[in-house]
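Visitor: Please walk me through this model, beginning with the overall picture and moving on to single residues.

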Amino acid sequence: MIIDELLNDVETVAIFGHVRPDGDCAGSTLAVYNYIQDNYPKIKADIFLEPFPKCYEVLRGASSAKKTFGQESNNGKPYDLAFLLDTPTFDRVGANGEACIKAAKKTCNIDHHISNPLNLCNTNVVEPNASSASEVLFFLLDANRISKETANCLYLGIVHDTGAFKFSCTSKRTMNVVGELIEKGVDFSKIINETYYTRTYRQTVVTGFIMQNCKMALNDKVVYSYITQEDIDKFQVPPVELHNVIDTIREVGGTEVALFLYPVNGKYKISLRSNYVVDVNKVANEFGGGGHMRAAGGDTDDVPEIAIPKILEVIAKQL
């Protein structure tokens with residue numbers, strides 16, 4: 001299998017995902033980490049992930065993730081192999097990892113974003129029709145050597161990028177993979193409940209606030225909302241805990257597009273979801289972002305009152 005071939009004669013490995021890790025990013029990176037821990041105990045593997053939702057700590061190895069790459073990592077030496085998961089551009093590499101990846105002796109990018117240029121690493125495995133990077137990764141591993149802990153990671157990644165199997169990216173192959181993971185003994189009920197459907201009290205309160213402030217646009221085909229830094233300070237919910245809000249906004253009946261803006265590192269993160277018609281990847285491209293046809297995102301320096309009309313104008317062209 002490709003992963004085993006890459007790990008041959010390797011002593012040090014670095015694993016990276018994208019900025020603001022979501023379920024698929026955390027799941028796929030931790031799956032690689034656990035696969036190495038289980039099958040290659042002599043390899044020194046370091047996983048670098050920016051802060052992620054606390055509920056992902058259900059996965060083994062989550063506490064081992066380092067928040068950022070530094071010159072002291074691996075004693076200042078280049079890694080033998082660097083993995084980049086669920087990330088289509090170097091601009092999106094998290095944990096300050098771009099320099100580490102470019103300096104590594106071998107590199108591998110595993111992804112499913114349609115916007116991926118297929119040239120980020122020495123080895124690039126990108127399947128835009130796959131539900132998730134976790135699904136792509138499953139077929140690159142030796143199924144006989146996938147432990148329950150690795151399977152848990154893959155399952156979480158697939159659950160989150162398919163919206164608990166309700167998004168259009170879910171395919172027969174996706175469900176076949178899930179079946180294989182269930183046979184590995186995954187804690188499927190616990191993972192889907194505690195990481196996808198369950199919120200903390202504060203998350204519930206802030207989600208209610210955001211939903212209360214939703215507005216409709218473009219003949220009620222778009223539903224949108226936003227939250228300011230002042231609101232976040234008031235509710236004491238960090239941006240990383242707002243990862244599922246867009247999917248709640250998306251539940252408003254009769255709409256085609258859901259839009260949510262929230263502040264991150266001095267900018268506003270744009271989250272977009274669509275149901276059947278609008279290609280939100282093309283919308284996100286207009287704002288320096290990207291993703292998938294039905295799920296995409298980007299960033300803007302504009303405040304929501306200025307950014308939202310601009311985004312709606314782009315969406316209107318497709319509607």
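**Overall picture**

Visitor: What percentage of the 319 residues in the protein is buried?

Guide: Buried means under 20% relative accessible area, exposed over 50%, and partly exposed in between, with a 1.4 Å probe and protein chains only. For the 319 residues of the protein, the buried share is 56%.

Visitor: Where do the coordinates and the numbering come from?

Guide: This is a predicted model, in which local features need pLDDT of at least 70 and side-chain atom pairs count only at pLDDT 80 or more, while totals for chains, interfaces and linings use all residues. Side-chain values use heavy atoms, with hydrogens and water left out, and residues are numbered from 1 along each chain as its sequence is written.

Visitor: How many helices and strands does the protein have, and what is its radius of gyration?

Guide: Helices (H or I, at least four residues) and strands (E, at least two) are DSSP runs numbered from the N terminus, and the totals are 12 helices and 11 strands. The radius of gyration is taken over C-alpha atoms, and the globule rule is 2.2 Å times the number of residues to the power 0.38. That rule gives 20 Å for 319 residues, and the protein comes close to it, so it is as compact as a globular protein of that length, with a radius of gyration of 19 Å.

Visitor: Among contacts with a separation of 6 or more, what percentage joins residues 24 or more positions apart?

Guide: Contact means heavy atoms within 4.5 Å. With the separation set at 6 or more, residues 24 or more positions apart account for 66%.

Visitor: How many residues of α2 are buried?

Guide: α2 has 17 residues and reaches 24 Å from its first C-alpha to its last. The expected span is 1.5 Å times one less than the number of residues, which for α2 is 24 Å. α2 is largely enclosed by the rest of the structure, because the number of its 17 residues that are buried is 15.

Visitor: Which are the edge strands of the open sheet of six strands?

Guide: Two strands pair if DSSP finds at least two bridges between them. The order is β6-β7-β8-β9-β11-β10, with mixed pairing. Pairing on one side only marks the edge strands, β6 and β10.

Visitor: Does β7 run parallel or antiparallel to β8?

Guide: Strands of a sheet pair through backbone hydrogen bonds, either parallel or antiparallel. On one side, three bridges join β7 to β6, and these two run antiparallel, with K215 bridged to Y224 and M216 to V223. On the other side, S225 stands opposite F260, and the five bridges between β7 and β8 join strands that run parallel.

Visitor: Which residue in the turn between β6 and β7 has a positive phi?

Guide: β6 and β7 form a hairpin with four residues between them. In that turn, a phi of about 50° belongs to L218.

Visitor: With which side chain does the side chain of T195 make a polar contact?

Guide: A polar contact is a pair of N or O atoms within 3.5 Å; within protein, one must be able to donate a hydrogen and the other to accept it, and residues adjacent in sequence count only if both atoms are side-chain atoms. T195 lies in helix α7 and counts as buried at 1% relative accessibility. A polar atom of its side chain lies 2.6 Å from the backbone oxygen of I191. The side-chain partner, at 2.9 Å, is H160.

Visitor: What is the distance of the polar contact between the side chains of S131 and E135?

Guide: S131 sits in the loop between β5 and α4 and is buried, with a relative accessible area of 1%. The side chains of S131 and S132 are joined by a polar contact of 3.1 Å. For the side chains of S131 and E135, the distance is 2.6 Å.
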